[in-house]
Amino acid sequence: MPSTPSSVSRRALIGGAAASTLATASVASASSAYAGSSRSVRSSRSSRSSRPRGNVILLALDGFDREYLDGRVALPHLESLLRRGSLSRSTGVMTSITNPSWTSVACGTYPDRTKNAAYWFDTAAGVARGQSRDSAVEGIGQSLRRQGRTIGSSQWFILQGKGVDYGDPQGLYTQPGGRIDARVDDAIAMLTGQPVDSGGTIMTLPEPPDFLAVYSSDVDGDGHSWGPSDPRLLDTLRETDAAIGRLITAVKDADLWGRTTWLVTADHGMSNWRIPLGSTAIERLAAAGFRAEYVGSGGRVSSPDTDVVFVGGGSIASVHLLGELAGSASATARVAEVFAGIEGVSGVFTKDDQRAMRMAPQYGELVVETREPYALFVTVPAEAFDGRHGGRAELDIPLILSGHRVRPGVAPRSPRHVDLAATISHLLGVAPPAASEGRVLREALLPD
Ligand SMILES: [Zn+2]
């Protein structure tokens, strides 16, 4: 699950007449909203005369596995975008978990440089950490602002406090909660000059933001609940596509279609699990002489005798040796051998392996990866199957490029998460974020 601070609809919190007025306003087609304020649009434009005429919309679809586009369900609006552009297989970062992944998208570099880790044991504090928004380097929100570009973020939380904030018209953040329709409502409001609730402040943008990010977590959340193969997920995919269709229609109605570049991608994929391996791991480690414990995020070890702790994060677990065993090469090798002997374990990554995959440095002496249908949890899933991600199998994600300045029918070559910040920056006529090491996906774009 993503670590958004709240899934409660802010509209539900502000309640009453303001909420219903806002909802009505933001769903209304608003093609003419800017016509009445052409003076302010003109003056604002002239002060940023160097900016290109295009704008970029990023649809950040959490947990949207590449295989969801395999034809299992008709997704006419996504298909209309990819028909006018390209669909490619993009590659995420390890670990394939929400916050490390979006942080790498935003910064254009790998978790060894962003230092964003998820599900690891903080031995100094004695507590298991879940996800965070920490980043050691500049993100695209900060970079675009520094270079005079405007941003809107409908709940793409990874930018919050890093170039977008509540109530800031140059970098506006909203967090409507709810499902994708609520996120798209806010996006439409930002694009069309309608009022939008930004952390309790009703804002109206003077013109469409240069870069607009729209985040949806429905596909991830439902994928976790049911597993990616559950037929109920088809409805979630249809719902997602229909909301994207509403956004496309709003962009056309607002006469922005011809200048809008679309990027649609996910943070990670999703796979099934139903067999927890946590207890088996603890038993096998005990047989090898270790006192191991499983700890969930926020948890602490229950005994001072515990010498191995592992923190589950879906398809992976971070394994840390404690006390006198910490950092011990021989103990690490023995623990690795135990994990490698467990049916369902697909990888045991040493610190060298982790460095080679450019993972964040906070992970333990070992990171253990499981294949379907296993996970290093200690309880069985609520339903027959649940979904999870975090390992190499969920690195595959779709990337759709479409619209203004996109070359129809020419997919980028081997795109990656780390290429998106450079590509978005290029489209907006600015330099990429400071630590970005990705490349502009030029072969998929029309010449400048
Ligand atoms: Zn997830």
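The largest nonpolar core has 72 residues, of which Ala-60, Leu-191, Ala-213, Val-214, Leu-247 and Ile-424 touch the most other members. A nonpolar core here is a set of buried Ala, Val, Leu, Ile, Met, Phe, Trp, Tyr and Cys residues joined through C-beta atoms within 7 Å. The model is predicted: local features need pLDDT of at least 70, side-chain atom pairs count only at pLDDT 80 or more, and totals for chains, interfaces and linings use all residues. Residue numbers start from 1 along each chain as its sequence is written.

**Cores**

- Helices (H or I, at least four residues) and strands (E, at least two) are DSSP runs, numbered from the N terminus.
- Ala-213 is in contact with Leu-58, Ala-60, Ser-153, Trp-156 and Leu-159, leaving aside its neighbours within four places in sequence. Contact is counted if the C-beta atoms of two residues, placed from the backbone, lie within 7 Å.
- A second, separate core of 45 residues includes Met-94, Leu-277, Val-309 and Phe-339.

- Seven strands form an open sheet in the order 2-20-10-1-9-5-6, and the pairing is mixed. Two strands pair if DSSP finds at least two bridges between them.
- Strand 2 (86-91) and strand 6 (171-174) are at the edges with a single partner strand each, so one side of each has no neighbour in the sheet.
- Neighbouring strands of this sheet are turned by 15 degrees against each other on average, direction ignored.
- Strand 9 runs parallel to strand 1, joined by six bridges, and Ile-57 stands opposite Leu-212 in strand 9.
- Strand 9 also runs parallel to strand 5, joined by four bridges, with Ser-154 opposite Val-214 in strand 9.
- Strand 5 (residues 151-154) pairs with strand 6 in the parallel sense over four bridges, and Gly-152 has Leu-172 in strand 6 as its bridge partner.

- Six of the six residues of strand 9 are buried. A residue is buried if 20 or more other C-beta atoms lie within 10 Å of its own, exposed if 12 or fewer, and partly exposed in between, with C-beta atoms placed from the backbone.
- Phe-211, Ala-213 and Tyr-215 point one way from strand 9, while Leu-212, Val-214 and Ser-216 point the other way.
- Helix 14 (residues 420-427) has eight of its eight residues buried.
- The cover over the buried residues of helix 14 includes strand 1 (55-61), helix 5 (98-107), helix 7 (140-146), strand 9 (211-216) and strand 10 (260-265).
- Just after helix 14, Gly-429 takes a positive phi of about 75 degrees.

- Another open sheet has five strands in the order 13-14-15-17-16, with mixed pairing.
- Its edges are strand 13 (292-295) and strand 16 (345-349), each with a single partner strand, so one side of each is left without a neighbour in the sheet.
- Strand 13 pairs with strand 14 (residues 308-312) in the parallel sense over four bridges, and Tyr-294 stands opposite Phe-310 in strand 14.
- Helix 11 (residues 278-287) lies across strand 13 and strand 14, at about 160 degrees to strand 13. Axes are lines fitted to C-alpha atoms, for helices over the stretch in contact, and angles run from 0 to 180 degrees between N-to-C directions.

**Helix 4 against helix 10**

- Helix 4 (residues 76-83) packs on helix 10 (residues 232-253) at an angle of about 55 degrees, with the axes 7 Å apart.
- Helix 4 is therefore oblique to helix 10. Angles under 35 degrees count as roughly parallel, over 145 as roughly antiparallel, 65 to 115 as roughly perpendicular and the rest as oblique.
- Pro-76, His-77 and Leu-78 in helix 4 meet Asp-241, Ile-244, Gly-245 and Ile-248 in helix 10.
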